[in-house]
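Okay, thanks for coming, everyone. Let me put the structure up on the screen and then walk you through a few things in it.

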Amino acid sequence: MIWILPAAAGALLLLVRRAPRATAVATAAATLALAVWAAVARPTTSFPLVFTSGFAVDGLSAVMVVTVAAVALAVLVFATGELREARFYGLMLIFVGAMLATVTATELTVLLMGWEVMGAMSYALIGYWWRDGDRVTSAGVAFVTTRAGDLGLYVAAGAAFAAGATSGQVLGLAGLPELPQPWRDLVAGGIVVAALGKSAQLPFSFWLSRAMAGPSPVSALLHSATMVAAGAYLLLRVQPLLVATGWAGPLVAWAGGLTALLLGGVALAQRDLKQLLAASTCAQLGFMVMGSVAGGTAHLVAHAAVKSLLFLGAGAWLTALGTKDLSGLRGAGRRYPVVGASFAVGALALAGLPPLSLWVTKDSVLAAVHDPWLHTIGLAAGALSAAYAGRALVAVWRGSRSDGRPPETLSWAPLPVLAAGAAVLGVVGLPAVWAWWSGLLGEPGAARADAGSLALSGVLAAAAVLTALVRLPEPRVLTGWLGLEAAARAVVWRPLLALARGAAWFDDRVVDGAVEAVPRLGMAAARLARTPFEMGVDGVVRAVGVAAMGLGRLARRPQTGQAHTYLAQAAVGLIILAVAIALVR
């Protein structure tokens, strides 16, 4: 019911289209209540599908279902002030249901089903304003890019099946580390590609920029607790598999570290608030996959509260002021103090300033990073986080303004709640809480940030925030998201189109030409055969017809209708018969 309830309610809204806002908020509230119950009761279920499949709530999925449901409720409450169409709320609820199915699946096939539905709903939501061609194009780019990565999950499922999957045990996520070689490496490689694509890690990061074409509530949900978080969740879920391969764990950690660093630079160079937040999402997701499961999950939960808060704040100002450009948002925090204060808490948390949540969770991740080079990259990425968060904060609080629409107080109600979460979720770093947290996630004794590292990161963050007061250069390579989309078009998309055009030419000219040549040759052979032979054959046919017609005319002559004629004919016949018998004897 955790995922069936929102999915079914969403499908019903798409059909009935009545009272969408009330239905969506009530469904989200009920889903949150179910999620809290499930986190305590830890239910499991199994059923026969292709294999023995099922859903279960363990420590990691307990954290995820509560996080997803809570953020979804906050986002949908906010959305009631901006959007009224049943289609929007129906798609959002199905999207939430698919995410909940993904995080509770115990086996690859059902996980893949939730994963696919989530991707389809993201396409529909990013391109929600479908009459705008640019938005539809952005939705298509995001969808195709994530689909390219999603093929890895099919490879993983196929490799697990090829390894001898005769029951659900082999495709079960818990059993993947025991797969024989080379299938284990293929499964790990496929999962890594799919997860990096979904979480917009390098080289897939550019699709998240395109995802900003959707409504602000979509961005808030997609960038915080769903979709992009699904990739990070999957990598945390299969951490034993990554460790067992020997190569997948370091590969993921370095991909996350480089994404955190490079996309942090991209975020710092953005002038559009939503683009800044999008690039920062890529960077923060990079932190989640660098270290331990306990640290990555803590960062995921805190980041969900922070990022949903910041995106909703950006959406509130976009609705009220009609702009998302940093220069156009000057004084927005003063003009709308509820949004401004909440946004400030979220931005300071994103910056990693003490004592707010990401300050603790980021260092909890880095505490498990033992490679000194990777650890240094993490510290530099953390400083960049403070710089771009400070830039956003200064932009909205510097100056004053009196224009804009009146506030939507009801729809803005979730912002202070999310701000409270962004402020206090760092409590997980306290020794007693950390011991419980790491045990909950099946990683007792996981490395915890010490006082020295926390102090160092806090000082770096404070210094980096101050750079927001200085005008920094904005290299085109950073404002253009490292040219990743252009590179993907040049290296992958255009060659694929050229290959498709070549295949189409071969099909049209060679294959179709060969098929069309067969009847042409048949017709030519028929024409050749007709000249010498047809007259003779037709002559025989005509002769048979003429003879039959002649016999018919002869046979008609005795048919006079007179009895004596028939009697004479019978007599003649009998005489002929008698003569014939006499001759034979």
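I'll go through some aromatic pairs, then a pair of strands, and then a cavity.

Before that, one caveat: this is a predicted model, so please keep that in mind as we go.

Where do phenylalanine 88 and tyrosine 128 lie? Phenylalanine 88 is in helix H4, residues 86-104, while tyrosine 128 is in the loop between helix H5 (108-126) and helix H6 (133-162), so the pair ties together parts that are 40 residues apart in sequence.

And are the two of them buried or exposed? Phenylalanine 88 is buried, at a relative accessible area of 0%, and tyrosine 128 is buried as well, at 2%.

Now compare tryptophan 436 and tryptophan 437. Tyrosine 128 was buried at 2%; here, the ring centres of tryptophan 436 and tryptophan 437 are 6.2 Å apart with planes at 55°, so this pair is tilted. Tryptophan 436 counts as exposed, with 53% relative accessibility, whereas tryptophan 437 comes out buried at 9%.

One more ring while we're here. Arginine 335 has its charged end sitting over the ring of tyrosine 336, 4.8 Å from the ring centre.

Okay, strands. Strand E1 covers residues 44-48, and it's hardly covered by anything: of its 5 residues, the count of buried ones is 0. What does E1 pair with? Its partner is strand E2, residues 52-56; the two run antiparallel and 5 bridges join them. If you want a place to start looking, threonine 44 stands opposite alanine 56 in E2.

A search of the whole structure turns up 3 cavities of 30 Å³ or more. Which residues line the second largest cavity? They're Lys362, Leu379, Gly382, Ala383, Ser457, Leu460 and Ala461. Helix H19 (372-397) and helix H22 (451-466) are the elements that give two or more residues to that lining. By type, the lining divides into 4 nonpolar residues, 2 polar and 1 charged.

That's my tour, so over to you for questions.

Key
Residues are numbered from 1 along each chain as its sequence is written. This is a predicted model: local features need pLDDT of at least 70, side-chain atom pairs count only at pLDDT 80 or more; totals for chains, interfaces and linings use all residues. Side-chain values use heavy atoms; hydrogens and water are left out. On a 1 Å grid over the protein atoms alone, a cavity is a set of points where a 1.4 Å probe fits but cannot get out, and a pocket is an open set with protein on both sides within 12 Å along at least five of seven lines; lining residues have an atom within 4 Å of a point. Grid points are joined across faces, edges and corners, and a volume is the space filled by probe spheres set on the points. Helices (H or I, at least four residues) and strands (E, at least two) are DSSP runs, numbered from the N terminus. Ala, Val, Leu, Ile, Met, Phe, Trp, Tyr, Cys and Pro count as nonpolar, Asp, Glu, Lys and Arg as charged, and the others, Gly among them, as polar. Buried means under 20% relative accessible area, exposed over 50%, partly exposed in between (1.4 Å probe, protein chains only). Rings of Phe, Tyr and Trp (its six-membered ring) pair if their centres lie within 6.5 Å; planes under 30 degrees apart count as stacked, over 60 as edge-to-face and the rest as tilted. A charge sits over a ring if NZ of Lys or CZ of Arg is within 6 Å of the ring centre and within 35 degrees of the ring normal. Two strands pair if DSSP finds at least two bridges between them.
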